[in-house]
Amino acid sequence: MLEAIAARPDLAEDLVLKVENLSTHFVFKNRTAKAVRDVSFSLRKGQTLAIVGESGSGKSVTSLTMMGLLGHPGKVAGGRALYRRSNGEIVDLTKASHRMMRTIRGKEIAMIFQEPMTSLNPLFTVGDQIGEMLRLHEPVSKDEARARAKAMLELVEIPDAGRRLDDYPHHMSGGMRQRVMIAMSMICNPQLLIADEPTTALDVTIQAQILDLMRRLQRDMGMSILFITHNMGVVAEIADEVAVMYAGEVVEQAPVNDLFDRSLHPYTKGLLASIPNTGRDFDANGVRQRLSSIDGVVPSLFAMPEGCSFAPRCKFAEPKCTGPAVLRTVAEGHLTRCWKSEMLA
Amino acid sequence: MSAPYISVRNLTKTFHTPAGDVHAVNNVSFDIARGSVVGLVGESGSGKTTLGRTMLRLIEPTGGEVLVDGQDVLKLPHAAMKAMRKKMQIIFQDPFSSLNPRMRVDAIIGEALSTHKIGKRKERRDIVAGLLEEVGLQADHMSRYPHEFSGGQRQRIGIARALAVEPEFIVADESVSALDVSVQAQILNLMQDLREKRNLTILFIAHDLSVVEYLCDEVVVLYLGRIAETGIARPVYEQPAHPYTRALLSAAPTPDPRAVRNREILVGDIPSPLSPPSGCVFRTRCVYAQDRCAQEIPELAPVSAAQQIACLRAGEI
């Protein structure tokens, strides 16, 4: 509790979450994978922060670290994650006791994952599983839990909710299962939802339904969302604020319009240019142009380059890029880890 | 116009299951011109993969014809089919499960050469080296195992394996779907280069519409085993005519936060192929559906010089 009191002055009134210099390492016998390095970002109440990055960029490990769900051999190597509880108390999630985390997880901070099939227990009905979430955190009877579960299924627009309560996960399509996951995560009325690639396994038509649902629930219930994705199109649709991660670091952070209008970091520029885009990929005569791509591969977590981690793949790299790369503010709310950003724009 | 290189006629594949018959591909007809890339799009369960594999006879069809250069692949006897397989290859989606982890790269690519008795043993090494360089890898990579490569590099190995027998026609089944977007762009550029250099004809199966728009000359939109719309890619993307194509295109997220989204969100899921709707298979999710859509099965008919759709209300909506 002491650290909670000490931390109080640091969290601005309008923030629900502030991650500062967070580092997560996976320590093996003779080597260490630095999966998350010096990551900082903050999330305003009622807003959506998207963390975007490719495989291995550390976006999922960041969220697992915050939730205290790191398995062996992962450990927090530094930094903190300040969170404002519903009762106003401010806690550092990386140092909170297991007991406190159990009261926060699921009730105040809920999580949904990419693959709704593996997140649901195949042996229990969806009604039982949604109700269990409520019964873990609130003293309600079985009947009441069932009634609330039914109300949640209606909220996430599952037709014929009363009958669907007794379905098992395998009776449902991927989109339906993701709706069940959302119902389960929402039943305790959390103030923060962490969504880790929630639409990646779904068809675009179903993805559009789920994004629409999440936007509506956020508007009606006022929750904040930390949305983890690799898809820039989804980012454009759902985010207010964006943090771009590469090789365990945040390389750029900005309000969503600024990021797409004038990206500052060469990695973000490269990522946006790699997406096929009719307006750009065909010339005036309709002849196909080459897609812009980022050469090379992501560096190994065991052998990060000196200085800027993107430099080995960056076409603007110079000898100076092996020096320390610091995340710095270039315009209001717009941060970049590249010292050359102004020269590239 | 000359005869198409590949002509699919009334192709049908029905799987008999304990729960009933699944009409995975239902009376599908389309053509592919030599050297062109045709995109095959649709949601999961629409029959894309079954259609691609049936065309290669990796799955035996229930009925219909697949003409390659005028020759019906489905009627070829075993020996002739083996020769035909040299002309037709496949690249898979998952670069992790489609390469044998216990085989070295030279064995993976060389297996195709020895099966088809191409080159002497000594020459095969040079052929493999040449293929690796052609797909952007190095010749000395041939003595490594698949786990030593990244996802993008593995996909290059898969492409080299398909190219080994000098095929004319390639089915690329979701070949870039598992890759990160920056790597995906590398592989798309490679496929574009190879296509021009080797004059390949490609059936490109994908669920990502922007990728298909970039790479493909023509597009076939599949829904529950039937073609909803087909035509030249640009007009289909600019003015989709079938209600399903419209919904599919408007559902795709665009990387522009200021884009106006007056989107037609489809209600519900794709119906079970065990009990597809009567009449038009799309009618249960279609905002324009009328009573007669439940009675008649729409035939594919031209709506413009460049597009054909299967919709009873083609002229009205």
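**Close-up 1. The buried residues of helix α9 in chain B.** In this predicted model, the residues of α9(B) that are buried are P243(B), Y244(B), T245(B), A247(B), L248(B), L249(B) and A251(B). Because seven of the nine residues of α9(B) are buried, this helix is largely enclosed by the rest of the structure. The cover over these buried residues includes α9 of chain A, and from chain B itself it includes α7, β9 (218–223), β10 (226–232) and α8 (233–238).

**Close-up 2. Helix α9 of chain A against helix α9 of chain B.** Helix α9 of chain A, residues 204–221, packs with helix α9 of chain B, residues 243–251, at an angle of about 55°, and the two axes are 8 Å apart. The angle makes α9(A) oblique to α9(B), and the crossing in which α9(A) passes α9(B) is left-handed. On the side of α9(A) the contact is made by V204(A), T205(A), Q207(A) and A208(A), while on the side of α9(B) it is made by A247(B), L248(B) and A251(B). Sorted by class, the residues in this contact of α9(A) with α9(B) are five nonpolar and two polar, with no charged residues. Two of the names here, A247(B) and L248(B), also belong to the buried residues of α9(B).

**Close-up 3. The side of chain B that touches chain A.** Seen as a whole, the contact takes 38 residues from chain A and 31 residues from chain B. Within chain B, the elements α6 (181–198), α7 (209–215) and α9 each supply at least two residues of the side that touches chain A. Which of the elements of chain B gives the largest share of this side? The answer is α6(B), from which seven residues come. By class, the residues on the side of chain B that touches chain A divide into 14 nonpolar, nine polar and eight charged.

**Close-up 4. Helices α8 and α9 of chain A.** Helix α8 of chain A, residues 174–186, and α9(A) have axes that come within 10 Å and cross at roughly 15°. With angles under 35 degrees counted as roughly parallel, α8(A) and α9(A) are therefore roughly parallel to each other, and their crossing is right-handed. The residues G174(A), G175(A), Q178(A), I182(A) and M186(A) of α8(A) meet I206(A), Q209(A), I210(A), L213(A) and L217(A) of α9(A). This contact of α8(A) with α9(A) holds six nonpolar and four polar residues, and no charged ones.

Close-up 5. Since five of the five residues of strand β7 of chain A, residues 192–196, are buried, the strand is largely enclosed by the rest of the structure. In a regular strand the side chains alternate between the two faces of the sheet. In β7(A), L192(A), I194(A) and D196(A) point one way, whereas L193(A) and A195(A) point the other way. Strand β6 of chain A, residues 109–112, runs parallel to β7(A) and is joined to it by four bridges, and in β7(A) the bridge partner of I112(A) is A195(A). Strand β8 of chain A, residues 224–229, also runs parallel to β7(A), with five bridges between them, and here L192(A) stands opposite S224(A).

**Close-up 6. An open sheet of four strands in chain A.** The strands of this open sheet follow the order β2-β1-β4-β5 in chain A, and their pairing is antiparallel. At the edges are β2 (32–44) and β5 (90–92) of chain A, each of which pairs on one side only, and from one strand to the next the twist averages 5°. Strand β4 of chain A, residues 74–84, pairs with β5(A) in the antiparallel sense over three bridges, and R84(A) has I90(A) as its bridge partner in β5(A).

**Close-up 7. Backbone details in both chains.** Most residues other than glycine have a negative phi, and most peptide bonds are trans. The peptide bond from H72(A) to P73(A) is cis, with omega near 0°, and P73(A) has its place in the loop between α2 (59–66) and β4 of chain A. E157(A), in the loop between α6 (142–155) and α7 (161–164) of chain A, has a positive phi near 65°. With 15 other C-beta atoms within 10 Å, E157(A) is partly exposed. In chain B, N27(B) is found in strand β2, residues 20–32, and has a positive phi of about 60° although it is not a glycine. N27(B) is partly exposed, with 17 other C-beta atoms within 10 Å.

How values were computed:
Residues are numbered from 1 along each chain as its sequence is written. Chains are lettered from A and ligands numbered from 1 in the order in which they are written. This is a predicted model: local features need pLDDT of at least 70, side-chain atom pairs count only at pLDDT 80 or more; totals for chains, interfaces and linings use all residues. Axes are lines fitted to C-alpha atoms, for helices over the stretch in contact, and angles run from 0 to 180 degrees between N-to-C directions. Angles under 35 degrees count as roughly parallel, over 145 as roughly antiparallel, 65 to 115 as roughly perpendicular and the rest as oblique. A crossing is left-handed if the near helix is turned anticlockwise from the far one by less than a right angle, and right-handed if clockwise. Two residues are in contact if their C-beta atoms, placed from the backbone, lie within 7 Å. Ala, Val, Leu, Ile, Met, Phe, Trp, Tyr, Cys and Pro count as nonpolar, Asp, Glu, Lys and Arg as charged, and the others, Gly among them, as polar. A residue is buried if 20 or more other C-beta atoms lie within 10 Å of its own, exposed if 12 or fewer, and partly exposed in between; C-beta atoms are placed from the backbone. Two strands pair if DSSP finds at least two bridges between them.
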